[in-house]
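Subject: A structure for you to look through

Hi there,

Here is the structure I promised to pass on. Please have it open while you read, and my notes will follow below.

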Amino acid sequence: NSVNYRGDVVGNAGKCHGAVDAFLSADGKTVNLNSLIAPSPLHLKEAVAINNRGEISGIGVLPDGNQHAYVLIPKDEADD
């Protein structure tokens with residue numbers, strides 16, 4: 001769905017008539033965005049955009065079916 005200047009790609013993938021997950025492809029690796037966040041009832045199903053700072057926006061869904069927008073902001077490595 002979106003690519004930033006570093007070549008990081010975000011979008012969504014899943015099985016036909018099955019679960020759909022938001023993903024990030026960066027540095028030759030593709031990861032499910034749900035695996036990068038703290039446990040949450042919000043399931044990240046679509047990543048819509050990524051900017052040059054690596055911030056990702058998208059759509060998630062709660063167990064009751066309500067959809068919400070989200071923004072993921074990368075953790076600064078200096079905060080480790």
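To start with the strands: in what order do the four strands of the open sheet run, and is their pairing parallel or antiparallel? The order is β1-β2-β3-β4, and the pairing is antiparallel. At the edges stand β1 and β4, each with a single partner strand, so one side of each has no neighbour in the sheet. Please keep in mind throughout that this is a predicted model.

Within that sheet, β3 and β4 run antiparallel and are joined by four bridges. If you want a landmark for this pair, pick Leu 24, whose bridge partner in β4 is Val 31.

The loop between β3 and β4 (29–32) is worth a stop, as Asp 27 is found there. Most residues other than glycine have a negative phi. Asp 27 is not a glycine, yet its phi is positive, at about 55°. Asp 27 is also exposed, with a relative accessible area of 78%.

There is another open sheet, built from three strands in the order β5-β6-β7, again with antiparallel pairing. Here β5 and β7 are the edge strands; each has a single partner, so one side of each is left without a neighbour in the sheet. From one strand to the next, the twist averages 25°.

- β5 pairs with β6 (residues 56–61) in the antiparallel sense, over six bridges. Ala 47 has Gly 58 of β6 as its bridge partner, and Glu 46 stands opposite Ile 59 in β6.
- The hairpin of β5 and β6 has five residues between the strands, and Gly 54 has a positive phi there, near 85°.
- β6 and β7 are joined by six bridges and run antiparallel. Ser 57 has Val 71 of β7 as its bridge partner.
- The hairpin of β6 and β7 also has five residues between the strands, with Gly 65 at a positive phi near 95°.

Now for the inside. Which residues make up the largest nonpolar core? It has twelve residues in all: Val 10, Ala 22, Leu 24, Ala 26, Leu 33, Leu 42, Leu 44, Ala 47, Ile 50, Ile 56, Tyr 70 and Leu 72. At least two residues of this core come from each of β3 (20–26), β5 (43–50) and β7 (67–72). Leu 24 and Ala 47, the landmarks from above, both belong to this core.

Leaving out residues up to four places away in sequence, Val 10 touches Asn 1, Ser 2, Phe 23, Leu 24, Ala 47, Val 48, Ala 49, Ile 50 and Ile 56. Among these contacts, Leu 24, Ala 47, Ile 50 and Ile 56 are themselves part of the core.

Asn 4 is in the loop between β1 (2–3) and β2 (9–14). Is Asn 4 buried or exposed? Its relative accessibility is 7%, so Asn 4 counts as buried. The side chain of Asn 4 reaches the backbone nitrogen of Asp 8 at 3.0 Å. Setting aside neighbours within four places in sequence, Asn 4 is in contact with Ile 50, Asn 51, Asn 52 and Gly 54. Two of these have come up already: Ile 50 is in the core, and Gly 54 is the glycine with positive phi in the hairpin of β5 and β6.

Last, the charges. How many salt bridges does the structure hold? There are two:

- Asp 8 pairs with Arg 6, with 3.2 Å between the closest N and O atoms. Asp 8 is buried, at a relative accessible area of 8%, whereas Arg 6 is partly exposed at 47%.
- Glu 55 pairs with Arg 53 through their side chains, at 2.9 Å from N to O. Glu 55 counts as partly exposed at 22% relative accessibility, while Arg 53 is exposed at 60%.

Happy browsing, and do write back with any questions.

Best wishes

Definitions and conventions:
Residues are numbered from 1 along each chain as its sequence is written. This is a predicted model: local features need pLDDT of at least 70, side-chain atom pairs count only at pLDDT 80 or more; totals for chains, interfaces and linings use all residues. Side-chain values use heavy atoms; hydrogens and water are left out. A nonpolar core is a set of buried Ala, Val, Leu, Ile, Met, Phe, Trp, Tyr and Cys residues joined through side-chain atoms within 4.5 Å. Buried means under 20% relative accessible area, exposed over 50%, partly exposed in between (1.4 Å probe, protein chains only). Contact means heavy atoms within 4.5 Å. Two strands pair if DSSP finds at least two bridges between them. Axes are lines fitted to C-alpha atoms, for helices over the stretch in contact, and angles run from 0 to 180 degrees between N-to-C directions. A salt bridge is a side-chain nitrogen of Lys or Arg within 4 Å of a carboxyl oxygen of Asp or Glu. A polar contact is a pair of N or O atoms within 3.5 Å; within protein, one must be able to donate a hydrogen and the other to accept it, and residues adjacent in sequence count only if both atoms are side-chain atoms.
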